[in-house]
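Please read the notes below with the model open beside you. They begin with the contacts between chains and then turn to one chain in more detail.

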Amino acid sequence: MTAYIVRRLVFILLVLAAVSILVFAITSLLPANVAYLILGPFAPPEQVRALEVKLGLNDPIWRQYLRWAGGFLTGDLGVSTLMNRPIAPMLAEAIGRSLMLTGASFFLIASIGVGLGVAAALRHGRALDHSVSVGAYLGIAVPEFFWAIVVIMVFASWLGWLPASGYEPPSAGFWIWAKHLIAPTITLVFGHLAHVSRLTRSSMIEVMQSPYVTAARAKGLPERVVVLHHALRNALLPTITVLALDFGRLMGGIVVVETIFAYPGLGRLIVFSIQNRDLPTLQASILVVAAIYAVANLVADLLYARFNPKIRYGRNVG
Amino acid sequence: MLEISDLTVRYRTPVGEIEALTSIDVRAERGRTLALVGESGSGKSTVALAAMGLLPSESVVASGRIVFDGQELGALDEGARRKLRGSRLGLVFQDPFSVLNPSLTIGEQVGEGLVHHRGFTQAQAQARAVELLDEVGIVNPAAIAKAYPHELSGGMRQRALIAGALAPEPAVLILDEPTTALDVTIEAQILDLLEALRARRGLAMLFISHNLAVVHRIADEVAVLYAGQIVEQGRTRDVLTRPMHPYARGLLAAIPRFDDRRRRLAAIPGRLPDLRAPPAGCRFLARCPFAAPGCEAPQSLRSLDARAVRCVRANELRDTHWPRPQDPEQARGARNDAAAVVSIERLTKTFTLGRGWRFSGWRPRKEEIVLRPVDDVSLDIRPGEVVGLVGESGSGKTTLGRTILRLIEADCGEIRINGEVVSQRPQRNLEAMRRAAQIVFQNPDSSLNPRKTVGALLARPIERFGMAPRAEVPARVRALLERVRLPAHYANRYAHQMSGGEKQRVGIARALATEPRFIVCDEPVSALDVSVQAAIVNLLADLRDDLGVAFLFISHDISVVAHFADRIAVMNRGKLVELGEADQIMRAPRHPYTIKLLSAVPRLPAA
Amino acid sequence: MSDEARHSSDGEPPAPRRRRWSAQLKVGAALTAAILIASLLAPWIAPHPWDTISMRTRFLAPNATYWLGTDDYGRDVLSRMLMGGRLSIAMGVSATLVSLALGVPMGLAAGYFRGWIDEALMRFADVLMAIPAIMLGLLVLAVTPPALWKTALAIGFVYTPLIARITRSVTLSLANEEFIQAARARSESNAYILFREILPNAWPPLLVEASLRVTYAILLGAALSFLGLGAQPPSSDWGLMIAEARSFLDRAPWIALAPGLAMCLLVIGVNLLGDGARERLDPRIKAGVGKS
């Protein structure tokens, strides 16, 4: 088991290194002069040259990369070309706020999604199952930004219950802080709920039809025991993987949702940096996102290994 | 103890309602074992599920009473039935691996019946579980109780399952093919165990199987099922030595026997009737060689000679034998002492698994498991000879077959085919060898490309090796189909439109297409029912006689091998432990492993 | 004459295969076909030109002339929606084709050859999948002036690793089948085995996955257009329409609702179709997406 953990850690570090190269390569090697992108196509050549020197753009590519990557390891994420401020603290604040959002959303998605999936599977073929399936289709089909608009229309414009945008720190008061979180959270949760509940449902159905569940029933065990004790632990194992994947999609979702709700988190930062050609910020943000996702995957791997006896206990006795 | 009367069960499927069981009567009595015997589609597993009340939701019990210890189970509510299930009626399933929950320890799964039915605490149940594991012959039961299913071998898992079923001390034990997935030596041990348990605890056992020899070993009484009906029932010895119903006769004529090896097997032609609309009269009619005008009338179970038989003509057919194909005139294997077709010398193949890293303290160590499925094996096969290769699972026999054909690369050793050394050649220079040496696979569902018609499947090898000009290919395909006794129009069929036996025939035809001198048959009949098996074995025998092809016939079923082979090779853990003339090995084996293997095989009584 | 000659079949009858289409399949097919056809025929069935600006007819609610109302430039929403459908569908399909063209060979090679090829390709896929899809798309589109075809290309690139994984999974399960061993026993070349034995069996599950991918591609493309990185005005791409309609939600909700609902219906239709088709397929060949 220890060996497994170490292997996964090493793997993730390697992947992150590769991702950093990929991110750097995409932003640096595409045939577009960065300086012109920033200054516009009509900028005078001296200004362009000055900017190039300032950004170190005339160095060989690998040196630029090493400088950038090296900075990361020491906590220096570069300087935003848009706001002329160090990126690291900006990013840290944005991450904090996004984590509030994604944390709340993930918690809801995991608990409601898995719960619905299991419930639907247990009532396979009946009313609850059908409504969950139908709901799932809707959830998958509605794009996040559209759903966000509907939520704003209904809850903000029409009913006036929730603010349509913005953010207030917890220091401004719990309820005020929470109110700004609710609408974006609902938006995020709805779409992902569908995905998770669907996959949980099929995993659970498969387990309920497996031979060992039939065998447990053949022993005359009460149905409650069969489901909770025998079935659930095997059905939830693949759910861990699904939730990890979904965490990644959730992080993708905040890009659009934060933009629509003007929520000052990581997603909005990324969009701003794109719209304003702030490449250093973009690079740093994406790499940080990849790192967070990688950590989430690692946690999922560890949980999976912990609960799967085949990995935890490896070799044969008999 | 357990009495099932007039049970009729139907299944609703997307293609219609199938009547799986029709009016079945079964009794299991204390201290006695009743066996239910049938092939696939006979409905035998359904009986087990019905007795336990575990029929799936798509099923409908159209009629029948199940009475256990005086109580009618149908009259009880689900709660009461559940209390009986597992505590007074136990069920042991077929595949010991998938039936155990991979996430729970063995001890817990053995003991949970006690917790829920007898009010034991977890600790008490665990202690009792260890005792039971000991009783079923598991070494080191305390450690095993803490282990997980994936850590145990097949035999141990089955023992654990039996322990779990026995824990609540049931009065009736139902076993559904408990030894089918096990090696024959393990099977023998499990059967011994079951007999001892039955005697010791006075159980009533209902033993379901397709294997008549096993049934002979363990059952007092046997009921033969066909297409959902019991066609014959009586004392085991009687039914197996002098069967009365034509189907039972056919089955017994189809099984290869130790004592009468050269006798030609008799196959049962035709198919099961469509159970969506079962025929009103005898369901075996379409396949019965003794069919007569009276057989279309509904048949009932009648008493005859202390047995029950469902056949109108049973009495008059008493002394008639199942029609048997003629035994060949001369001893087979007209092998001249010409040069060997296949010759392997000191062939070895090693697999290295589990290249993981372990930590001893802080230092990482590389951990490897080395398997050697083929260990220094040497063998010659002469033209037209059949060499049977037997061994249990893990013996390496399949690996050997594929290594000879270079589908798996050996580590060292020499392979000669048709006199040419082929072991060192690069893969692209093996054309000539591949023409001369072919293979027939085990699993009919996997051996044919589902997207190709039979015609295309057979044409490919012909075209690939340039065996005939374009225009002649269809004629060749037809000839191949005829050789394997399939009608010509099958060339337009796809795999999913054929039965298992038919698919195997196509597989054999495909191997023959290149006109090889040597064919490796890798468990070619293991996935087939006994009645179908006989036809395929006969086909292979005829092909050997007509075409002079040499076979390496790989199987775990010694009876089949012994029936067909000239020489037999026995493998154990990669080593070839004994090789000799078939007669000699069967009568007087020398190596201890061979002796153990042969003594473990359950036998049928002489006819 | 032995009884063998009577053989025309042996053993149990094979399971019959003809089955009616499930309700799911029918509804899905109908819905998808309706939207596809409407979009394809858009230039001919659109009641008004989609790009004619007319300040007199701004913000009209749905009425007899303009069935879905007009937008802030007085353009007919229905016509714009139909034309936008062509764009979205074209984009989704082309993006998926790109991901198939790149991902299927990767998956085939990884699943068939195994060894270092498998490792290399799957690690590469892992690296691509380490960044959430939309962000990878943003990254690629950030450094070049936006255009719809670039968006399609970027999305294709983003989904390549997923297609590769699925293809690999299907290929792995097929490579274990005995008929592949039979082909090797005929000394068939790798190319023959891959393209004539494996691929024909891999297509059905891949096709189903691909059709579902089209819907995801459309959704992702709409999101990117919404953020300004896809279609550009005055195009009537659905995402762009919704983005432009944001400011007028209270006044004229129909401008956003129409394309949004159209997108939903298309995605639902294709999902129903895909799921229904998946259920009919040979259950032996499973397409799963797990951790490599």
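1. The contact between chain C and chain A takes 34 residues from chain C and 38 residues from chain A; two residues are in contact if their C-beta atoms, placed from the backbone, lie within 7 Å. On the chain C side, α4 (115–129), α5 (133–142), α8 (190–226) and α10 (254–280) each supply at least two residues. Helices (H or I, at least four residues) and strands (E, at least two) are DSSP runs, numbered from the N terminus. By class, this side of chain C has 25 nonpolar, five polar and four charged residues. Here Ala, Val, Leu, Ile, Met, Phe, Trp, Tyr, Cys and Pro count as nonpolar, Asp, Glu, Lys and Arg as charged, and the others, Gly among them, as polar.

2. This is a predicted model, in which local features need pLDDT of at least 70, side-chain atom pairs count only at pLDDT 80 or more, and totals for chains, interfaces and linings use all residues. Residues are numbered from 1 along each chain as its sequence is written, while chains are lettered from A and ligands numbered from 1 in the order in which they are written.

3. Chain A has a mean pLDDT (the predictor's confidence in each residue, from 0 to 100) of 82, and 92% of its residues reach 70 or more. Within chain A, confidence is lowest in helix α2 (residues 34–39), at a mean of 65, and highest in helix α5 (residues 87–122), at 90.

4. Chain A also touches chain B, where 34 residues of chain B are in contact with 23 residues of chain A. In chain B, α2 (78–84), α3 (106–117), α5 (141–145) and β14 (342–360) each supply at least two residues of that side. The chain B side has 16 nonpolar, eleven polar and seven charged residues.

5. Chain B has 19 helices and 23 strands. Of its 607 residues, 52% count as buried (20 or more other C-beta atoms within 10 Å of the residue's own, with C-beta atoms placed from the backbone).

6. Chain B contains an open sheet of six strands in the order β19-β20-β21-β16-β22-β23, with mixed pairing; two strands pair if DSSP finds at least two bridges between them. At the edges stand β19 (437–440) and β23 (575–581) of chain B, each with a single partner strand, so one side of each lacks a neighbour in the sheet. β19(B) and β20 (residues 518–522) of chain B run parallel and are joined by four bridges. Ala437(B) stands opposite Phe518(B) in β20(B).

Note on methods:
A residue is buried if 20 or more other C-beta atoms lie within 10 Å of its own, exposed if 12 or fewer, and partly exposed in between; C-beta atoms are placed from the backbone.
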